[in-house]
Amino acid sequence: MPAGDLEHSPFWYVTLPSEEAARSIGQRALLTKMLIEVWGEGSTWEELEAALRAYPEAAMAPWTGPDQSFKVVVDTFGSKLSMDQQLDMIEKLEFLPFKGKVKLRSPDLQFVLLVVDCEDNDSLVDVALPRRYYFGRQVAAADRSVLESYSLKRRLYLGPTSMDAEIAFIMCNQAKVRRGQLMLDPYAGTGSILVAAAHYGAKVMGTDIDIKVLREGKPGPGGTDRVCIGSNFTQYGLPQPVGLIRLDTHKHPLRPDLQEVLHAIIGDPPYGVRAGGKKSGAKPELADKRNPSPTPPRTYPPRSPTRLVSACATCWTYPRGCWWWAGGWSTSCLPRPRPTARPRCRATPALRLVANSEQILTMRYSRRLVTMEKVVPL
Ligand SMILES: C[S@@+](CC[C@H](N)C(=O)[O-])C[C@H]1O[C@@H](n2cnc3c(N)ncnc32)[C@H](O)[C@@H]1O
């Protein structure tokens, strides 16, 4: 539940079965900064101190012994504190029964004093949270190193709409991608989401209407050998995709009797801003022209523009088919004009709407990350 029952609070109370569970969350979750065992909180310093003094000594004892080095850090939300102010606050915590040595580098334990202050007009964040102090033991911290390793800045094969690493990994987390699962990206493009899913050990499969982006790639940096989706997998030492198929999601050629073969479907349909939706078939203005000579063999299957909404709708109807495991998850990034309502992603008896989150892109556009769980076989 959110701290203070404020739905927009960035602080949430969770009950976890073990510290191990908290550490696993820390290792994988990218939007969680840290998990803290809260020892006390209050809206004034006096309230915090009273809460900490009331915290059972037996609960503190495993973490305050002489053999454990420790460090207290001050973290703020909504405002900044000078180094002197932070040190003053840490000194005021002297009443806590720590017997171990303070060690600033790699201590055995880290404690956090969190100061929330969004009340001033010049608050740094756009949420109204009352002043509050929290103190507790840091059980886990987010490991975001994966984002640095997979940063697009150093990726070999990129296109104008390559999905940034953070969102690609978040999408895989939303879809609970795990080792050994089979995952599909119906709009694979340069394969950014496939790469993220492969990092988590899934066998990945991508489809796209554009054979050039899927198979041929482009010249590498500085005119070196061509790079393609496979180059990205080689770059990160990941197993290659189990399949890359050129198809149009509007009329895909896959067998209708396929049953529950996919665990996760994660897609980033065309936005229509930098790359519009496409469908198979010649452009209408070319389709009518009669070619007097025998039709030359086509090098690439023709494509024509299609409406964004139609591509997005397909994203839901196509994976909704039987080849998605009951218990499997689907996540899609859908563009929306702002500030209109959420996309029309309705739950059905077979699909449970799990999350619908907004990422604001510009004043006029945002994209929504919509996650569905298939709850019963179709
Ligand atoms: C927003 S891009 C996806 C980018 C991808 N996530 C990446 O990291 O490169 C959308 C992709 O959908 C493809 N596409 C457009 N219409 C399609 C259709 N009808 N069927 C399949 N793919 C389509 C485009 O060729 C494009 O590669």
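This note goes through the predicted model point by point, from the whole chain down to single contacts.

1. **Overall make-up.** The chain has 378 residues, and 42% of them count as buried. Its secondary structure comes to eleven helices and 15 strands. Take contacts between residues at least 6 apart in sequence: 70% of them join residues at least 24 apart.

2. **Helix 7.** This helix runs over residues 192-199 and is mostly covered. Seven of its eight residues are buried. They are Ser192, Ile193, Leu194, Val195, Ala196, Ala197 and Ala198. What do the buried residues of helix 7 pack against? Among the helices, their partners are helix 6 (165-174) and helix 9 (229-235). Among the strands, they are strand 5, strand 6 (203-208), strand 9 (243-246) and strand 10 (262-267). Glycine 201 follows helix 7 and has a positive phi, near 95°.

3. **Methionine 183.** This residue sits in strand 5 (residues 182-185). Is methionine 183 buried or exposed? It counts as buried, because its relative accessibility is 1%. Leaving aside residues up to four places away in sequence, methionine 183 touches Ile193, Leu194 and Ala197, among others. Its contacts also include Ala202, Lys203, Val204 and Met205. Leu262, Ala264 and Ile266 complete the list. Histidine 263 lies 80 residues from methionine 183 in sequence, yet their C-alpha atoms are 5.9 Å apart.

4. **Arginine 137 and glutamate 19.** The structure holds 15 salt bridges. One joins the side chains of arginine 137 and glutamate 19, at 2.4 Å from N to O. The two residues are 118 apart in the chain, with arginine 137 in strand 4 (residues 132-141) and glutamate 19 in helix 1. Arginine 137 counts as buried because its relative accessibility is 3%. Glutamate 19, at 27%, counts as partly exposed. The pair belongs to a network of salt bridges that links Glu19, Glu20, Arg23, Glu37 and Arg137.

5. **Aspartate 164 and arginine 367.** These side chains meet in a salt bridge of 3.3 Å, N to O. The pair links distant parts of the chain, 203 residues apart. Aspartate 164 is in the loop between helix 5 (145-149) and helix 6, while arginine 367 is in strand 15 (residues 365-374). Aspartate 164 is partly exposed, with 28% relative accessibility. Arginine 367 counts as buried at 9%.

6. **Glutamate 216 and arginine 215.** Here the salt bridge joins arginine 215 and glutamate 216, with the closest N and O atoms 3.3 Å apart. Arginine 215 counts as exposed because its relative accessibility is 53%. Glutamate 216 is partly exposed, with a relative accessible area of 25%.

7. **Nonpolar surface patch.** Which residues make the nonpolar surface patch of about 370 Å²? They are Trp12, Val14, Leu16 and Ile25. Leucine 16 lies in the segment before helix 1 (19-28). Its relative accessibility is 31%, so leucine 16 counts as partly exposed. Patch members need over 30% relative accessible area.

8. **Negative surface patch.** Asp84, Asp88, Glu91 and Glu94 gather in a patch of negative charge on the surface. Aspartate 88 belongs to helix 4 (residues 83-91). At 45% relative accessibility, aspartate 88 is partly exposed.

How values were computed. Residues numbered from 1 in each chain as written. Heavy atoms only, no water. Patch = residues over 30% accessible without salt bridge, like charges linked within 9 Å, V, L, I, M, F, W, Y side chains within 5 Å. Areas by Shrake-Rupley, 256 points an atom, 1.4 Å probe, with all protein chains shown as cover. Salt bridge = Lys/Arg side-chain N within 4 Å of Asp/Glu carboxyl O. Helix = DSSP H or I, 4+ residues; strand = E, 2+ residues; numbered from the N terminus. Buried < 20%, exposed > 50% of the residue type's maximum accessible area, 1.4 Å probe, protein only. Lys, Arg positive; Asp, Glu negative; His and termini not counted. Charge placed at Lys NZ, Arg CZ, Asp CG, Glu CD. Contact = heavy atoms within 4.5 Å.
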